[in-house]
Amino acid sequence: QVVDRNEWVKLGHATRAFIVTTQLARAYSALDRHTEAVAELAPWLQRSDLNPGPDLMNDARTALAEAYLALGDYDAAERHIRQARAQIAASDVIGTRDEFDILEASLARARGDLDGASDALATIVAKLSQGDPTTAYLDALHLQADVFSELGEFPAAFTAQRRALQVERVLRTADFDRRMSVALVASENEASQRELEMLRAGERLAQTRSERDRIFDIALIGVGALLVLVAYLIWLQWYREHSARTRLEKTVAERTEQVRQELERRVDAERAKRLLEHRLVEDEKYRAVARLTGGLAHDFNNLMTVVSCSAELIKLGANDGDIDALAEDILDAADSGTRVTRSLIAYARQQALQPEQLQLDEFLIDNEALIRNTLGESIELVLDLAPARVEIDRGSLTTALLNVLFNAREAISRDGRVDIRLRADDAPDGRQFYRLSIRDNGTGMDEETVQRSMEPFFSTRRSDTGKSSGLGLGLSTVYGFMRQSEGNVEIESTLNNGTTVHLLFPAVTAQSSSGASEPVSRTSRFSTISPMVLLVEDQDKIRLLTRRALEATGYRVRDCASGSEAIEALNGQTGFDVLVSDIVMPGPFNGIDVARTARKLNPSMQILLTSGHTEVVPREFEFLAKPYSVATLLQRLKGLAEPSEQLRESHT
């Protein structure tokens, strides 16, 4: 059907219109109507009022390049392929693009560069052969066989075609093997069930016979006793009493057997129910671990691709301007990896918190401008705050609040409203809590989405194509932070009826309940013009990079690879101004032992501990979480103590 896609753009559905246009162009190409495909799609790629995103734009450029290639316009096809690759390199869309490699090989073949096409296809086939068979691998093999045939290399063409047939056979039989495996398992389960039923029937028959024999024995004993007593009674009276007793015993036996069978059925049903519940719990654990590891692998594979490709280009000798851009790409990838790991640490409730007492209502009022900017001008904000004093980490609280508000903003399609309400509440165990409720009138969530909303890498935001448009760590970070702060998170939501997120904070009454006093003044100055740093790090590459950075900025550095070596240096040499040490190290002494030894030998020494395990951080020392940048390290060292006037003059 022909639809008015320009009207969709006016109504705010530009992405949907762009998707329909791309699909329409692919349909024209499938019907060998390539001219109509180009005429349909090319004007949309030149429009400035569309921003469909890198993925959709690359799909459209691929379809247009295929149409140009079929029409023989090789320059236009090559131009769109290069534009797509440039957009991939400039955006966050990182991943293998085998279809571009195969398309470029087809372009080289169409232009008559059979040798170039052969070399490119050899690389593509070698890469794709390392993984599971795919349709891209099959297309590459067919194209390679055609190129070999045109080159006259018929044995190689035959080999490529044979490999293509093997891959096609594997792809066709994979689904059949899966179906046969499922059928075999079902058949085995059915046979096992029948065998179990036969065993149970045999047990019931044996029990029935045993009960019958027992009743028969009891009846014989009773008859014998009655015969002894009946000798003194009239025969008719004896007969009536015996008949009545026999009927009663039979009724009792039948009822007893019914009760026993009913109890057995209930016990079996309860046992099967507990087994099923246990299996469901275990399956849910495995699925959660699989989602977590899968999300981590996906994000870090993307980041490592940026780092490795940029480093390889620098090593190959890129231009000075390109080196700066590649270095920025590496730094951006490192920052993204840091955000992912810190979010996971927060979800695991192992982040290093610095709680302080604050008035939660005053904190929200002070940050009202930040809240309104996060929501946007089109969303109405209503604050209803009662006095509340809590003990919480201010920075992490701000991050958690912004994560919830961002989700609320995304759930509201146009104009909407967000209500923030703060009230005192009592927990079931009698403790007092403060309940911060953030309610929006957006699209809401169904029950299944609410149950999974705080899982890591599960995003509640969806794009028009149905794919996840978020990283999926916002609510999981909020959950980890609140649980680590001895609070909790509750979510109430119904589909098309908005969502309410409740943050529960434990109440405090004392004016001071946390924080350790600093044993040494932080305002002391370095003792020398060029500060002497004792660097302790067991990882060789990190130690070498840190030493180079410190020496390049005027520090004198003595580095050690273990805690034992650092303690020997402290005992044998004086004059160290600063200690920079990793916490977790092999050997009998860790970074905390080194820091306490240094503090004991020289109370004025400035100490900065680093680690990627934030749960082991003591409050008595300054701490810098890994990974850190050179600028962050130098800034923290500068904050430990101001250099003397003589040092400043020498630097000037």
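**Overview**

The model is predicted. The protein chain holds 21 helices and twelve strands. It has 652 residues, and 35% of them count as buried. Among contacts with a separation of 6 or more, 64% link residues 24 or more positions apart.

**The five-stranded sheet**

Five strands form an open sheet with mixed pairing. Their order is S2-S4-S5-S7-S6. Strand S2 (379-385) and strand S6 (488-493) are the edges, and each pairs on one side only. Neighbouring strands of this sheet are turned by 15° against each other on average, direction ignored.

Strand S4 (residues 416-426) and strand S5 (residues 432-440) run antiparallel and are joined by nine bridges.

Helix H13 (residues 368-375) touches S2 and S4. The direction of H13 makes about 150° with that of S2. Helix H14 (residues 394-411) touches S2, S4, S5 and strand S7 (499-506). The direction of H14 makes about 30° with that of S5.

S6 and S7 run antiparallel, with six bridges between them. Val-489 has Leu-503 of S7 as its bridge partner. Five residues lie between the strands of this hairpin, where Asn-496 takes a positive phi near 65°.

In a regular strand, side chains alternate between the two faces of the sheet. S6 has one covered face, made of Val-489, Ile-491 and Ser-493.

Strand S11 (residues 606-611) has six of its six residues buried, so S11 is largely enclosed by the rest of the structure. Both faces of S11 are covered. Gln-606, Leu-608 and Thr-610 are buried on one side. Ile-607, Leu-609 and Ser-611 are buried on the other.

S10 and S11 run parallel and share five bridges. Ser-581 lies in strand S10 (residues 578-582), and its bridge partner in S11 is Leu-609. With a relative accessible area of 0%, Ser-581 is buried. Leaving aside neighbours within four places in sequence, Ser-581 is in contact with Val-536, Gly-591, Leu-608, Leu-609 and Thr-610.

**H18 against H19**

A pair of packed helices is described by the angle between the axes and the distance between them. The axes of helix H18 (residues 563-572) and helix H19 (residues 591-601) come within 10 Å and cross at roughly 5°. Angles under 35 degrees count as roughly parallel, and H18 and H19 are therefore roughly parallel to each other.

H18 contributes Gly-563, Ala-566, Ile-567, Leu-570 and Asn-571 to the contact. H19 contributes Val-594, Thr-597, Ala-598 and Leu-601. By class, the contact residues divide into six nonpolar, three polar and no charged.

**The aromatic pair in H10**

A search of the whole structure finds one aromatic pair. The rings of Trp-235 and Tyr-239 have centres 5.7 Å apart and planes at 15°, so the pair is stacked. Both residues lie in helix H10 (residues 235-315). Trp-235 and Tyr-239 are four residues apart, about one turn of the helix. Trp-235 counts as exposed, at 58% relative accessibility. Tyr-239 counts as partly exposed, at 44%.

Glu-40 sits in helix H3 (residues 34-45). Buried means under 20% relative accessible area. At 18%, Glu-40 is therefore buried. Not counting residues up to four places away in sequence, Glu-40 touches Arg-5, Thr-21, Leu-24 and Tyr-28.

| Residue | Relative accessibility | Class |
|---|---|---|
| Ser-581 | 0% | buried |
| Glu-40 | 18% | buried |
| Tyr-239 | 44% | partly exposed |
| Trp-235 | 58% | exposed |

Notes
Residues numbered from 1 in each chain as written. Predicted model: local features only at pLDDT ≥ 70, side-chain atom pairs only at ≥ 80, totals over all residues. Heavy atoms only, no water. Pairing = 2+ DSSP bridges. Helix = DSSP H or I, 4+ residues; strand = E, 2+ residues; numbered from the N terminus. Axes fitted to C-alpha atoms, helices over the stretch in contact; angles between N-to-C directions. Contact = heavy atoms within 4.5 Å. Phe/Tyr/Trp six-rings, centres within 6.5 Å; stacked < 30°, edge-to-face > 60°. Buried < 20%, exposed > 50% of the residue type's maximum accessible area, 1.4 Å probe, protein only. Parallel < 35°, antiparallel > 145°, perpendicular 65-115°, else oblique. Nonpolar A, V, L, I, M, F, W, Y, C, P; charged D, E, K, R; others polar.
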